[in-house]
Amino acid sequence: MDRAELSITLHRTGDEAVLRLAGEIDMLTAAQLSTVVNEVLADPPPRIVLDLGGVTFCDSQGLGTLVVLSRKASHAQSLLMLTHVGDFLIRVLDITGLRSALMIRNDQPAG
């Protein structure tokens, strides 16, 4: 069995921190994501953007982590936003009812 991998690249601009995620968000990697977001929240920008374009898998632990981090960000007067959320993850968020608990901005071309 392969060990789940998650790579996180952090890029800060004036009013936001963008974290590009690639790999899997699950029970093995959720703590890694929490650690990075908590470090960003030590000096919270107005917006934290999680770019999920490279995420291939997200389990219940990953979903729970996203919700917890969203709440933590809002307590720090920061907005946690998800972008490039894959169809599979949108479906999971719809099924679990968590879509309304998270801010999702999928920039898709009109058409």
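Predicted model: local features only at pLDDT ≥ 70, side-chain atom pairs only at ≥ 80, totals over all residues.

**A walk through the fold**

Helix α1 itself covers residues 30–41, twelve in number, and spans 16 Å from first C-alpha to last, close to the 16 Å expected at 1.5 Å a residue. Its buried residues are Ala 30, Leu 33, Ser 34, Val 36, Val 37, Val 40 and Leu 41. They sit on the same side of α1, because the arc they cover around the axis is only 165°. The general rule behind such patterns is that an α-helix has 3.6 residues a turn, so residues three or four places apart point the same way. Turn to the face of α1 directed away from that buried side and you find the exposed residues Ala 31 and Glu 39.

Now for the strands. Strand β4 (residues 79–83) is mostly covered, with four of its five residues buried. On one pairing, β4 runs parallel to β3, and five bridges join the two; here Ile 48 stands opposite Leu 80 in β4. β4 also runs parallel to strand β5 (residues 103–105), joined to it by three bridges. In that pairing, Thr 83 has Arg 105 of β5 as its bridge partner.

How are these strands connected? β3, α2 and β4 form a right-handed β-α-β unit. Another right-handed β-α-β unit is made by β4, helix α3 (residues 87–96) and β5.

Next, have a look at the inside. The largest nonpolar core has 27 residues, and the ones that touch the most other members are Leu 19, Leu 33, Leu 50 and Leu 52. At least two residues of this core come from each of β2, α1, β3, α2, β4 and α3. Leaving aside neighbours within four places in sequence, Leu 50 is in contact with Leu 19, Leu 33, Val 37, Leu 66, Leu 80, Met 81, Leu 82 and Thr 83.

Leu 89, Ile 90 and Leu 93 are its buried residues. They line one face of the helix, since seen down the axis of α3 they fall within an arc of 105°. What covers them includes β3, α2 and β5. The face of α3 turned away from the buried side carries Asp 87, Arg 91 and Ile 95, which are exposed. After α3 comes Gly 97, with a positive phi near 80°.

In helix α2, pick out Ser 70. Is Ser 70 buried or exposed? Ser 70 counts as buried, because its relative accessibility is 13% and the cut-off for buried is under 20%. Setting aside neighbours within four places in sequence, its contacts are Leu 80, Ala 101 and Leu 102.

Let's move on to the loop between β1 and β2, where Asp 15 is found. Asp 15 is partly exposed, at 36% relative accessibility. Beyond its neighbours within four places in sequence, Asp 15 is in contact with Pro 45, Pro 46 and Arg 47. Asp 15 and Val 92, by contrast, are 30 Å apart in space, C-alpha to C-alpha, and 77 residues apart in sequence.

With neighbours within four places in sequence left aside, its contacts are Asp 15, Glu 16, Ala 17, Ser 78, Leu 79 and Met 81. Ser 74 is 27 residues from Arg 47 along the chain, and their C-alpha atoms are separated by 9.7 Å.

Last stop: a couple of backbone details. Most residues other than glycine have a negative phi. Gln 77 has a positive phi, near 60°, and is not a glycine. Gln 77 lies in the loop between α2 and β4 and counts as exposed at 69% relative accessibility. His 84, also not a glycine, has a positive phi of about 50°. You'll find His 84 in the loop between β4 and α3, where it is partly exposed at 44% relative accessibility.

Notes: Residues numbered from 1 in each chain as written. Heavy atoms only, no water. Expected span 1.5 Å × (residues − 1). Buried < 20%, exposed > 50% of the residue type's maximum accessible area, 1.4 Å probe, protein only. Arc of directions from axis to C-beta. Pairing = 2+ DSSP bridges. Right-handed = clockwise from strand over helix to strand, strands pointing away. Core = buried A, V, L, I, M, F, W, Y, C linked by side-chain atoms within 4.5 Å. Contact = heavy atoms within 4.5 Å.
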